[in-house]
Amino acid sequence: MPMTVVSGRFSTALLPTCFSLSRLHSVKYAAQRRVVFVSRSAHASSASVSVETNSNSNVDFVIEKKDKNRGEKKILACPICYNSLAWISQPNGLIESAASGIQVQCNTCKRSYSGNETHLDLAVASGSKRYSEPMPLSTELFRTPLVSFLYERGWRQNFIWGGFPGPEKEFEMAKAYLKPVLGGNIIDASCGSGMFSRLFTRSDLFSLVIALDYSENMLRQCYELLNKEENFPNKEKLVLVRADIARLPFLSGSVDAVHAGAALHCWPSPSSAVAEISRVLRPGGVFVATTFIYDGPFSFIPFLKNLRQEIMRYSGSHIFLNERELEDICKACGLVNFTRVRNGPFIMLSATKPS
């Protein structure tokens, strides 16, 4: 694996948004010299390192992703003002998404966010001590320890009755849609226990995989299942982040692909979530999702739409009655080239950000 080597003396440096772009694979120390190795995937875009020196001859390292066609970019952003984040603390000088004590701060509003032993918490209300915001039933259900534990231990397997072909087959189907953005970064939105996040990481098809979910317990399961696998490849490319699906902590136009497996129907506002996905996708970026759709004979019953509204009011989950609804959401949020594959209630859809 080719490496980029940067040497020099530096104090505890701020590394703005670099953890989501080029991981620091290893760090070696010498008495007056530190060497930072930045790994590059064979499929990934090249990385660039800019170095600024100050009067004390210390060196601040700013590591950004450099794409051959689109120049240098950053990814992480404050979910409140959408401006870039900077590192304000790094445990042991290493960039790790799951490291207690890590802190990032918004360059503009100065809001700070921290990590714990499993993930970096970039939800809007993270860190609040008194404020508590109840979420819809469908969201709260997946935040419980029991459902998080059972998700890969029987829960997800039952989706076969709804036409879902299974994670491995769904992964192969998704890859066909993702061909134009292979080698870039991908967000596995509402990743749950990380079933697809691990598949994307193992495949080595992406330079960075962001496992994103609102449920703390799902992310803990993702972290535990990941670490149970011996010799898991490309672990340094997988980052765990807690965030609101309708308030994504990424800069506009900074993401190559977003995948959402069996998640659209669980989002409190699918249109708000898809609008956010459209915002963070770069031109030509791809959105791939799977969900249930109920367009059988009962979908033509006149009062069914009213009944659906009542069900959604209390459960917080969405019931799609036809494919046009999904296409309309994508078009309304600025995505084009809507395509889909059906198998009974199961639907896999894809749409792209206009180039």
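In H2, the residues Pro145, Val147, Ser148, Phe149, Tyr151, Glu152 and Arg153 meet Asn217, Met218, Gln221, Leu225 and Lys228 of H5. The residues of this contact between H2 and H5 divide into 6 nonpolar, 3 polar and 3 charged. The model in which these contacts are found is a predicted one.

The geometry behind this contact can be described through the helix axes: those of helix H2, which spans residues 145-155, and helix H5, which spans residues 216-228, come within 8 Å and cross at roughly 45°. That angle makes H2 oblique to H5, and the crossing of the two helices is right-handed.

The axes of H3, which covers residues 167-178, and of helix H4, which covers residues 195-203, come within 11 Å and cross at roughly 60°. Because angles from 65 to 115 degrees are needed to count as roughly perpendicular, H3 and H4 are therefore oblique to each other. The crossing of H3 and H4 is right-handed. On the H3 side the contact involves Pro167, Glu170, Phe171 and Leu178, which meet Met195, Phe196, Leu199, Phe200 and Ser203 in H4; the residues of this contact divide into 7 nonpolar, 1 polar and 1 charged.

From the helices we turn to the aromatic rings. A pair of aromatic rings is described by the distance of the centres and the angle of the planes. With rings counted as paired if their centres lie within 6.5 Å, the count comes to 6 aromatic pairs. One of them is formed by Phe164 and Phe346, whose arrangement is edge-to-face, with 4.7 Å from centre to centre and 70° between the planes. This pair links distant parts of the chain, since Phe164 lies in the loop between H2 and helix H3 whereas Phe346 belongs to strand E17 (residues 346-352), and the two are 182 residues apart. Phe164 counts as buried because its relative accessibility is 2%, and Phe346 likewise counts as buried, at 1% relative accessibility.

Another pair is that of Phe200 and Phe206, whose ring centres are 5.7 Å apart and whose planes stand at 90°, so this pair is edge-to-face. Phe200, which also takes part in the contact of H4 with H3, has 1% relative accessibility and therefore counts as buried; Phe206, at 2% relative accessibility, counts as buried as well.

Key. Residues numbered from 1 in each chain as written. Predicted model: local features only at pLDDT ≥ 70, side-chain atom pairs only at ≥ 80, totals over all residues. Heavy atoms only, no water. Axes fitted to C-alpha atoms, helices over the stretch in contact; angles between N-to-C directions. Helix = DSSP H or I, 4+ residues; strand = E, 2+ residues; numbered from the N terminus. Parallel < 35°, antiparallel > 145°, perpendicular 65-115°, else oblique. Left-handed = near helix turned anticlockwise from the far one by under 90°. Contact = heavy atoms within 4.5 Å. Nonpolar A, V, L, I, M, F, W, Y, C, P; charged D, E, K, R; others polar. Phe/Tyr/Trp six-rings, centres within 6.5 Å; stacked < 30°, edge-to-face > 60°. Buried < 20%, exposed > 50% of the residue type's maximum accessible area, 1.4 Å probe, protein only.
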